[in-house]
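Q: Could you show me how to read a structure like this one, going feature by feature?

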Amino acid sequence: MNITQIVPAELSGFCDVATGECIVVDATPQADADSHHGGPVRPEEPDKRSAPAARVAQVVQPDPGRTRANIAR
Amino acid sequence: MTIASSRRPTADASADRQLQIDVWSDLACPWCYIGKNRLDRAIASSPHAEAISVRVHSYELDPDMPHEATPNLELVAAKYGLSPDQAERMEDKVAAIAHRDGLPFTADRVVANSFDVHRVLHLAGSAGIANELLGVLQRALFSGQANVFDHAALIEATSRLGIPRGRVEEVLSSDEYADAVRADEEQARVLGVTGVPFTVFDERIAIPGSTSIGGFADAIAQAWSSK
């Protein structure tokens, strides 16, 4: 396995393997930024939202001409 | 452990073009539960669904967690010095997201050491049903229906999917698949994983957390188109 790209998708949340803390980064009104399953309530963490979580050789930006709407499903 | 979706003959399959998705997760991780559901839906909506397989990998968020089940809210409150109300309000945030996705989710569940669960998932992987078993266990746990860390419940859930009860008991009474769990975790460390779920498409494109169905679908499309 050789990870060469981190897809720059907006994250809804994740659990931090270092602390066990589960972070909510979903920015919808019903689920404003918060931490869960541990950790104090904290504001949205844009640094964590976009933080690469793996050793990455190259981060490739998405094709600007390609949107969800035109992805064949 | 590899879990191939059931395959019907398609143009993609006949061309022997396949896409593998590797996912590191822990049973106790609510985002792994939400993320798995979204990834499964993204796969189902893909025109290449029949050619996609999912491989489940182990990751323990807290390897030192006691084996005895502890009420989740009690654990969160004690670990972070919160009142029960504060702990419950935190759960409410994730519960709202899970409910929006149509998933049962309650704060009234338990947590415990997940090592044995991971070993049984590897057993299920040898039968090609790890992803299915993970979904069953997640739903039972997060709905509050069962303590699936408990061996009896784990044996019951696994045997219902067709693995002989005696075989599950044999694994749980030994250290079978312990090395496989540790190997998965070592691979995660080598990859530099800092958050779960951690999803890798075609062994090269990663999403370090749970994203939307569209986000997962985008990654599938990108991985497929660049194969």
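A: Let us begin with burial: a residue is called buried if 20 or more other C-beta atoms lie within 10 Å of its own, exposed if 12 or fewer do, and partly exposed in between, with the C-beta atoms placed from the backbone. Helices (H or I, at least four residues) and strands (E, at least two) are DSSP runs, numbered from the N terminus. This is a predicted model, in which local features need pLDDT of at least 70 and side-chain atom pairs count only at pLDDT 80 or more, while totals for chains, interfaces and linings use all residues. Residues are numbered from 1 along each chain as its sequence is written, and chains are lettered from A and ligands numbered from 1 in the order in which they are written.

Q: Which residues are exposed on the face of H8(B) turned away from its buried side?

A: That face carries Gly166(B) and Glu170(B), whereas Val168(B), Val171(B) and Leu172(B) of this helix, which runs over residues 165-172 of chain B, are buried.

Q: What covers the buried residues of H8(B)?

A: The cover includes helix H5 (115-126) and helix H7 (151-160) of chain B; here two residues are in contact if their C-beta atoms, placed from the backbone, lie within 7 Å.

Q: Where is Tyr177(B) found, and is Tyr177(B) buried or exposed?

A: Tyr177(B) is found in the loop between H8 and helix H9 (178-191) of chain B, and it is buried, with 24 other C-beta atoms within 10 Å. Its phi is near 75 degrees, a positive value in a residue other than glycine.

Q: Which peptide bond is cis?

A: The bond from Val196(B) to Pro197(B) is cis, with omega near 5 degrees, and Pro197(B) has its place in the loop between strand S6 (195-196) and strand S7 (198-201) of chain B.

Q: What is the average pLDDT of chain A?

A: As a general idea, pLDDT is the predictor's confidence in each residue, from 0 to 100. Chain A averages 56, and 34% of its residues score at least 70. Over residues 29-73 of chain A, pLDDT stays under 50. Where pLDDT is low, the predicted coordinates should not be read in detail.
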